[in-house]
Amino acid sequence: MLRQVIPRRAFLKAALGLCAFIGVFKYLAVDRLFKVGAASDSVYPPEFLAGQVIELTPSGFVARIGQREQTVAYGAATRAWKKDWQRLLPVQIGDSFVAWGEPQEDGTYVPATIYFNIVNLYGNVSELSVGPDQATFAVNGRRKATFVADASALVDSGQGEAAFEPANPPFENGAFIQVVAVRTNNVLVATRILV
Amino acid sequence: MTIKLGSSTWYNDCNGSNGACKDCDNAALHAAYPHLGTGCIYDSNCSLSMCAHSCGDRIHVLNQCSGGVGQYVTIHDCFPLQSDGCNPPVSCFDQNPPLVDLTEAAFLAIGGDLAQGRVPVQVVC
């Protein structure tokens, strides 16, 4: 049937043209556009948003992003973190946030995932102080910060997760650890400790 | 082309005009890398085995979990700390010393979970 509609010579010509197009596209796309090591301009993904909550609304909040304001509306599938993953978050004015989601045509932003007051630091432990209910310690990395950890924190040793034992922490002064924490009333409460 | 296996963490200390290259930005797909030609080299074993790069160079970071999301990121800072060697992770949950530190935007772009803190990656440099 095809042979009757498209002459053989025209068919071969079209096929050769397609192959040439694919070859040129592959050359441009892989070897030129995406060359590793080549200097390139910065990319700012539109899905990313970070700022501070300045006003609460029925569907989310208004945020300050640098010098501008942005309306953020929770979607049905929004996942939110503030120490734990929660559906209904006690968000407060002044909370900082980091989100990955979708800017909408009406100007609002709907986060797929949003983190409030999250902190991450890795470095060497110092000033370790233990107690029956909580331990405090400083981490010296890009900056120095003091953390509080209680039994709600998880310890990840690479061999699995376990609850943090304040009286018997799995590290000593000088150890290299990473801490993910939530900032609550200017206290950094550890949620996950990687040792 | 060199492929390195290790972990990636995230950081949010960039303000658009700081970092080793004086232009790192939390909202951009930027990375802190341990072996910059500008003289920033951390850790004698791991970092020296990674390719030397300059500010603005592009590397590819592939999340080895979460379905293997990859992203090109550009180097705008120097990775500050490595505790020991850069042994490759053996599973999605292994926590080896990080090879590269990503901005929040870059970490989320490869499907990382900020609350987990670290993700195993393959870095092509």
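# Briefing: Disulfides, Aromatic Pairs and Nonpolar Cores

At 7% relative accessibility, Cys14(B) falls under the 20% limit and therefore counts as buried. The model in which this residue is found is predicted. Cys14(B) is joined to Cys24(B) by a disulfide, one of two disulfides that a search of the whole structure finds over all chains. The structure also holds ten aromatic pairs over all chains, and its largest nonpolar core has 38 residues.

**Disulfides of chain B**

- The sulfur atoms of Cys14(B) and Cys24(B) are 2.1 Å apart.
- The torsion about the S-S bond of Cys14(B) and Cys24(B) is about -100 degrees, so this disulfide is left-handed.
- Cys14(B) belongs to the loop between β1 (3-11) and β2 (15-18) of chain B, while Cys24(B) belongs to strand β3 (residues 24-25) of chain B, so the bond ties together parts that are ten residues apart in sequence.
- Cys24(B) has a relative accessibility of 1% and is therefore buried.
- A disulfide also links Cys21(B) with Cys55(B), with 2.0 Å between the sulfur atoms.
- The link of Cys21(B) and Cys55(B) is left-handed, with -80 degrees about the S-S bond.
- Cys21(B) is in the loop between β2 and β3 of chain B and Cys55(B) is in the loop between β4 and β5 of chain B, so this pair ties together parts that are 34 residues apart in sequence.
- Cys21(B) is buried, at a relative accessible area of 14%, whereas Cys55(B) is partly exposed, at 32% relative accessibility.

- Thr103(B) is placed in strand β7 of chain B.
- The relative accessibility of Thr103(B) is 0%, and Thr103(B) therefore counts as buried.
- Not counting residues up to four places away in sequence, Thr103(B) touches Cys14(B), Tyr11(B), Asp25(B), Asn26(B), Ala28(B), Leu29(B) and His30(B).

**Aromatic rings of chain A**

- Ring pairs join Phe61(A), Tyr74(A), Phe97(A) and Phe116(A) into a cluster.
- The ring planes of Phe61(A) and Tyr74(A) stand at 65 degrees, with the centres 6.2 Å apart, so the pair is edge-to-face.
- This pair links distant parts of the chain, since Phe61(A) is in strand β2 (residues 60-65) of chain A and Tyr74(A) is in the loop between β3 (68-73) and β4 (79-82) of chain A, 13 residues apart.
- Phe61(A) is buried at 0% relative accessibility, whereas Tyr74(A) is partly exposed, with a relative accessible area of 28%.
- Phe61(A) also forms an edge-to-face pair with Phe97(A), at 5.1 Å centre to centre and 70 degrees between the planes.
- The pair of Phe61(A) and Phe97(A) links strand β2 of chain A to strand β6 (residues 96-103) of chain A, across 36 residues.
- Both Phe61(A) and Phe97(A) are buried.

**Charges over rings**

- The charged end of Arg79(A) sits over the ring of Trp85(A), at 3.9 Å from the ring centre.
- Arg142(A) lies over the face of Tyr11(B), 3.6 Å from the ring centre.

- Leu49(A) is part of strand β1 (residues 48-57) of chain A.
- Leu49(A) has a relative accessible area of 6% and is therefore buried.

**Nonpolar cores**

- In soluble globular proteins, nonpolar side chains tend to be buried together.
- Within the largest core, Ile118(A), Ile59(B), Val61(B), Val73(B), Leu102(B) and Leu114(B) touch the most other members.
- Two or more residues each come from β6 and β13 (176-184) of chain A and from β4 (30-33), β5 (58-63), β6 (70-78), β7 (98-103), α1 (104-109) and β8 (118-124) of chain B.
- The largest share of this core comes from α1(B), which gives five residues.
- Apart from this core lies another, of 19 residues, including Ala149(A), Val155(A), Phe171(A) and Ile193(A).
- Leaving aside neighbours within four places in sequence, Val61(B) is in contact with residues including Val73(B), Val100(B), Leu102(B), Ile110(B), Val121(B) and Val123(B).

Terms used
Residues numbered from 1 in each chain as written. Chains lettered and ligands numbered in written order. Predicted model: local features only at pLDDT ≥ 70, side-chain atom pairs only at ≥ 80, totals over all residues. Heavy atoms only, no water. Phe/Tyr/Trp six-rings, centres within 6.5 Å; stacked < 30°, edge-to-face > 60°. Helix = DSSP H or I, 4+ residues; strand = E, 2+ residues; numbered from the N terminus. Buried < 20%, exposed > 50% of the residue type's maximum accessible area, 1.4 Å probe, protein only. Lys NZ or Arg CZ within 6 Å of the ring centre and 35° of its normal. Core = buried A, V, L, I, M, F, W, Y, C linked by side-chain atoms within 4.5 Å. Contact = heavy atoms within 4.5 Å. Disulfide = S-S within 2.5 Å.
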